[in-house]
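Please read this note with the sequence and the model side by side, and check each point against them as you go.

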Amino acid sequence: MQGKSVTVEGKAGENGKLFGSITAAQIVEALASQHGLKDFDKRNIKLDETIKQPGNFPVSLKLYPGIQADMTLTVKVS
């Protein structure tokens, strides 16, 4: 999982800002559909900031105690 990316789509207004923010639950759904990572707990996802706009963002997944994978979250507007 290290170095891979996951893509999440969100709805945005005319100014390009998302309605709401991207949640850990949305990231878990994307991980399951894009990488086959089933039953991943959303509490094991660490975001550096609240994501309210399209772009690329770093995200860390805690896989096991002491083991984490750093990924790139790509947020696109649908």
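1. A polar contact, as the term is used in this note, is a pair of N or O atoms within 3.5 Å; within protein, one of the two must be able to donate a hydrogen and the other to accept it, and residues adjacent in sequence count only if both atoms are side-chain atoms. With that in mind, the side chain of T74 makes a polar contact with the side chain of N56, at 2.9 Å.

2. Before going further, please keep in mind that this is a predicted model, in which local features need pLDDT of at least 70 and side-chain atom pairs count only at pLDDT 80 or more, while totals for chains, interfaces and linings use all residues. Residues are numbered from 1 along each chain as its sequence is written, and side-chain values use heavy atoms, with hydrogens and water left out.

3. Where does T74 lie? T74 belongs to strand β4, which covers residues 67–77; strands here are DSSP runs of E with at least two residues, helices are runs of H or I with at least four, and both are numbered from the N terminus. T74 counts as buried because its relative accessibility is 17%, where buried means under 20% relative accessible area, exposed over 50% and partly exposed in between, with a 1.4 Å probe and protein chains only. Leaving aside neighbours within four places in sequence, T74 is in contact (heavy atoms within 4.5 Å) with V6, T7, V8, G55 and N56.

4. The chain has one helix and four strands, and from the N terminus on these elements run in the order β-α-β-β-β. The loop between β1 (5–10) and α1 holds N15, and T23 and G20 are also found in the loop between β1 and α1.

5. How exposed are these loop residues? N15 counts as exposed because its relative accessibility is 64%, whereas G20, at 45%, counts as partly exposed, and T23, at 36%, counts as partly exposed too. The side chain of N15 reaches the backbone nitrogen of K17 at 3.0 Å.

6. N15 and Q53 are 38 residues apart in sequence, and their C-alpha atoms are 9.8 Å apart; the C-alpha atoms of G20 and Q53, 33 residues apart along the chain, are separated by 9.3 Å. G20 also touches I51 and K52, not counting residues up to four places away in sequence. T23 and I45 are 22 residues apart in sequence and 9.8 Å apart in space, C-alpha to C-alpha.

7. D39 is found in the loop between α1 (24–35) and β2 (45–47), and at 82% relative accessibility D39 counts as exposed.

8. For the chain as a whole, buried residues make up 28% of the 78 residues. Among contacts between residues at least 6 apart in sequence, 47% join residues at least 24 apart. Along its principal axes, the C-alpha trace of the chain spans about 40 × 25 × 20 Å.
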